[in-house]
Amino acid sequence: MLVLSRKKNESIVINNDITIVVVEIRGDKVRLGVEAPKEVPVHRREVYDAILRNESQEKAGADSPSTEG
């Protein structure tokens, strides 16, 4: 893991087209701004994990044999 120190209004660039900006620092919270192309999904980690769980459950439901008959 790369660890960087940034101050308010400083940024980092990822892959030439994604920019992360430190918007605000208040106590133990940091607000970040993310500039990315529309086709690049950007989620908070807890949202991303929920999406993966839902996709996994949907796939498991589609793969299980039907009990109807």
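## Strands 1 and 2

Strand 1 (residues 11-14) and strand 2 run antiparallel, joined by 4 bridges. Strands here are DSSP runs (E, at least two residues), and helices are runs of H or I with at least four residues, numbered from the N terminus. Two strands pair if DSSP finds at least two bridges between them. This is a predicted model: local features need pLDDT of at least 70, side-chain atom pairs count only at pLDDT 80 or more, and totals for chains, interfaces and linings use all residues. Residues are numbered from 1 along each chain as its sequence is written, while side-chain values use heavy atoms, with hydrogens and water left out.

Val13 faces Thr19 of strand 2 across the pairing. The hairpin of strand 1 and strand 2 has 3 residues between the strands. In this hairpin, Asn15 takes a positive phi near 55 degrees.

Thr19 sits in strand 2. Thr19 counts as buried because its relative accessibility is 19%. Buried means under 20% relative accessible area, exposed means over 50%, and partly exposed is in between (1.4 Å probe, protein chains only). Leaving aside neighbours within four places in sequence, Thr19 is in contact (heavy atoms within 4.5 Å) with Ser11, Ile12, Val13, Gly33, Val34 and Glu35.

## Strands 2 and 3

Strand 2 (residues 18-26) also pairs with strand 3 (residues 29-35). These two run antiparallel and share 7 bridges. Val21 stands opposite Gly33 of strand 3. Glu24 has Arg31 as its bridge partner in strand 3. The hairpin has 2 residues between the strands, and Gly27 there takes a positive phi near 60 degrees.

In a regular strand, side chains alternate between the two faces of the sheet.

## A nonpolar patch

Ile25, Val30 and Leu32 make a nonpolar surface patch of about 280 Å². Patches are made of residues with over 30% relative accessible area and no salt bridge; like charges are joined within 9 Å, nonpolar side chains (Val, Leu, Ile, Met, Phe, Trp, Tyr) within 5 Å. Accessible areas come from the Shrake-Rupley method with a 1.4 Å probe; for residues, only the protein chains shown count as cover.

Val30 belongs to strand 3. Why is Val30 partly exposed? Its relative accessibility is 48%, so Val30 falls in that class.

## Salt bridges

How many salt bridges does a search of the whole structure find? The search finds 5. A salt bridge is a side-chain nitrogen of Lys or Arg within 4 Å of a carboxyl oxygen of Asp or Glu. Side chains of opposite charge can pair when their charged atoms come close.

Glu24 lies in strand 2 and is buried because its relative accessibility is 18%. The side chains of Glu24 and Arg26 form a salt bridge (2.5 Å, N to O). Arg26 counts as exposed, at 61% relative accessibility. Salt bridges link Glu24, Arg26 and Arg31 in a network. Not counting residues up to four places away in sequence, Glu24 touches Lys29, Val30 and Arg31.

Glu10 pairs with Arg6, with the closest N and O atoms 3.6 Å apart. Glu10 is partly exposed at 28%, and Arg6 is partly exposed at 39%. Arg44 and Glu46 also meet in a salt bridge (2.7 Å, N to O). Arg44 is exposed, at 55%, whereas Glu46 is partly exposed, at 48%.

Pro41 is in the loop between strand 3 and helix 1 (45-63). Pro41 is exposed because its relative accessible area is 61%. Pro41 and Lys29 are 12 residues apart in sequence. In space they are 23 Å apart, C-alpha to C-alpha.
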